[in-house]
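Trainee: I want to go through this structure term by term. Please set each value against its cut-off.

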Amino acid sequence: MADPLLIFDALLGVALIALAIAVLVVRDRFAMIVLFIIFGLMTALAWVRLSAPDVALAEAAIGTGLAGALMLKTLHHIRAAPAAPVPVSVGVVFANMGFCAMVFVGLAIAFMATSLEAPGLAPQVAQNIDASGVAHPVTAVLLNFRAYDTLMEVVVLLAAIIAVWMIERGIEQAPARHLGEIYRGFARLALPAIVVIGTYLLWVGAYAPGGAFQGGAALAAVGLLLLLSGLYRPQPAHRPIARLGFVLGIAVFASVALLVASGGRLPFEYPPAHAKTLILLIEGVVTISIAVTLAALFHGREPEAIPVSETRA
Amino acid sequence: MSSGMIFGLTGLAIFTIGLFGALVMVEPLRRVLALKLCSVGGGFMLVVAAWRAPPEVADPVPHALVITGIVVMISATAVALALIRRLHTLEHDSDD
């Protein structure tokens with residue numbers, strides 16, 4: 001244990017486990033969410049240590065930032081509910097604790113017995129990276145070698161926003177807290193910077209950590225700031241534009257795949273000469289779709305034609 | 001002892017803690033958080049599986065899988081939270 005970085009890793013691991021426990025045991029629900037956000041940022045740090053900067057970026061932006069904002073919004077909505085409705089009996093808690101301990105021991109034995117030196121798929125990716133159109137292996141996997149997964153991932157996002165709009169149809173939202181002038185000033189300063197960061201993340205994904213999902217999440221933050229500061233209020237007339245935003249990425253992605261397939265190739269088998277252009281096109285529209293969808297997921301309710309108070313009367 | 005080993009065990013512990021929380025917690029919001037802990041634990045295992053001792057580069061395929069997983073998880077979280085809000089509204093209305 002002479003290596004100071006290994007000591008750092010061990011401390012970070014202990015801190016992560018302690019934060020995970022704290023998320024579950026802390027009484028105050030606001031503290032619970034804040035602890036979860038800290039936990040997510042620490043996780044991102046651990047993944048940087050495991051040489052996975054792309055995943056760390058995605059976790060920090062989407063898994064922590066946006067998820068944290070969503071949970072705080074939900075907490076604001078349900079704050080009237082009692083914190084702990086019915087306590088679980090001690091016997092159930094201990095039985096589950098024993099069960100989970102067995103799961104942990106079993107998984108740990110399996111993990112310790114597995115070699116961490118398996119070759120994996122890195123050599124195949126390295127061999128074919130020149131034909132993929134991009135220089136960054138993770139982007140090559142996401143947008144070329146396993147593009148079908150990525151298409152389905154965008155479909156999952158679309159399914160989520162459809163479900164949220166249906167679930168929230170007609171329910172009254174807790175009135176948003178009015179944010180002061182200082183906050184608006186901050187939004188005006190921060191917005192252009194975030195737009196630049198999001199676009200940069202998208203562009204840099206071709207040869208360095210970054211890409212459509214991280215860029216889309218940064219751009220979704222623009223939407224969140226606009227919604228929170230009241231600089232933008234969703235109108236019913238904007239619904240068609242929002243819907244177009246949701247499906248744009250899938251439509252272009254699928255059309256490119258079908259177009260490539262019609263040329264006698266397999267779907268997603270981009271011709272190497274045009275691969276970079278096609279990937280950039282797909283990434284660009286997918287980024288817009290991701291940003292619009294994530295911001296809409298945060299807003300929740302679909303902008304309705306009739307004010308909710310009238311329909312309920 | 002290596003970084004992969006340390007974080008592998010950390011990931012397993014986080015997954016187990018999340019599993020326990022999802023089984024035992026009654027508060028909906030906390031249960032969603034527990035499931036998110038599970039997903040982070042699973043992500044840890046894939047990132048560790050992709051990791052190689054420093055001079056060698058990590059395997060990009062599991063990294064892409066984890067990024068996909070993170071996006072799927074935010075979709076699932078958003079739907080779960082919308083259900084919680086709806087449930088709360090319904091319960092709140094029946095009290096009146």
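Mentor: Start with contact, which means heavy atoms within 4.5 Å. By that rule Gln214(A) touches Asp54(A), Leu57(A), Ala58(A), Leu201(A) and Ile67(B), leaving out residues up to four places away in sequence. This is a predicted model, where local features need pLDDT of at least 70, side-chain atom pairs count only at pLDDT 80 or more, and totals for chains, interfaces and linings use all residues. Residues are numbered from 1 along each chain as its sequence is written, chains are lettered from A and ligands numbered from 1 in the order written, and side-chain values use heavy atoms, without hydrogens and water.

Trainee: Why is Gln214(A) called buried?

Mentor: Buried means under 20% relative accessible area, exposed means over 50%, and partly exposed is in between (1.4 Å probe, protein chains only). Gln214(A) has 3% relative accessibility, so Gln214(A) counts as buried. Its place is in helix H9 (residues 212-229) of chain A. Helices here are DSSP runs of H or I with at least four residues, numbered from the N terminus.

Trainee: What makes Asp9(A) and Arg49(A) a salt bridge?

Mentor: The rule asks for a side-chain nitrogen of Lys or Arg within 4 Å of a carboxyl oxygen of Asp or Glu. Asp9(A) and Arg49(A) meet at 2.7 Å, N to O. Asp9(A) lies in helix H1 (residues 4-25) of chain A and Arg49(A) in helix H2 (residues 29-49) of chain A, so the pair ties together parts 40 residues apart in sequence.

Trainee: What is the extent of contact between chain A and chain B?

Mentor: 89 residues of chain A are in contact with 65 residues of chain B. The two chains bury about 7,100 Å² between them, 79% of it on carbon and sulfur atoms. Buried area is the accessible area (1.4 Å probe) that two parts lose on being put together, summed over both. Leu24(A), Leu50(A) and Leu116(A) supply 11% of the area that chain A buries against chain B, more than any other three residues.

Trainee: What makes a set of residues a nonpolar core?

Mentor: The members are buried Ala, Val, Leu, Ile, Met, Phe, Trp, Tyr and Cys residues, joined through side-chain atoms within 4.5 Å. The largest core has 104 residues, and Trp47(A) and Phe44(B) are among those touching the most other members. Helix H3 (residues 60-95) of chain B gives the most to this core, with 12 residues. Trp47(A) also touches residues of chain B, including Val40(B), Phe44(B) and Ile70(B).

Definitions and conventions. Helix = DSSP H or I, 4+ residues; strand = E, 2+ residues; numbered from the N terminus.
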